[in-house]
Amino acid sequence: MARTSFRRISLALAAALLLAACGDDDASTVTDDPAVEETSTTMPPASETEEGTSSTTTAVPEPAGTVIEVSVAGGQVDGGGRTAVPLGDAVTVRVTSDVDDHIHLHGYDVLVDVAAGETAELTFTADIPGVFEVELEESRIPLLELEVS
């Protein structure tokens, strides 16, 4: 008789655990209480344009501090030169290149890869005063001189 009771208790416990594991995971709630709002986990649809097609735009935040944009095409640099930045400022050098290379900030010894046809960003804190060259390392193309003071 003890064996039968143990088996029944074991089966009842297993059934209770199985039922508990099969609970309703839906976040929607239906209630007759007007003070309780119905909730849902469904994501709202993307906004629709006037033509009726869905579109989603994701804004990329502009880096804080100084942003310097430079492009390189056919070995020619556009946007380079000498650029002054305040000591302690956050600086982002954004480089678009037509060749695979490394953007190298001398003095700070920071390298960032840039792929051909892509844009890469080298971001740092200008905490060392002086004048520093930024170049495409393998091509040995000077991009700009950074004057930190």
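**A polar contact to start**

Guide: The side chain of E135 makes a polar contact with the side chain of H106, at 2.9 Å. A polar contact is a pair of N or O atoms within 3.5 Å; within protein, one must be able to donate a hydrogen and the other to accept it, and residues adjacent in sequence count only if both atoms are side-chain atoms.

Visitor: What kind of model is this, and what are the ground rules?
Guide: This is a predicted model: local features need pLDDT of at least 70, side-chain atom pairs count only at pLDDT 80 or more, and totals for chains, interfaces and linings use all residues. Residues are numbered from 1 along each chain as its sequence is written, and side-chain values use heavy atoms, with hydrogens and water left out.

Visitor: Back to E135. Is it buried or exposed?
Guide: E135 counts as buried because its relative accessibility is 7%. Buried means under 20% relative accessible area, exposed over 50%, partly exposed in between (1.4 Å probe, protein chains only).

Visitor: Which strand is E135 in?
Guide: E135 sits in β8, residues 130-136. Strands (E, at least two residues) are DSSP runs, numbered from the N terminus.

Visitor: New topic. How do β5 and β6 pair?
Guide: β5 (residues 101-105) and β6 (residues 110-114) pair in the antiparallel sense, over five bridges. Two strands pair if DSSP finds at least two bridges between them.

Visitor: Which residue is the bridge partner of D101?
Guide: V114, in β6.

Visitor: And what's in the turn of that hairpin?
Guide: Four residues lie between β5 and β6. G107 in the turn has a positive phi of about 85°.
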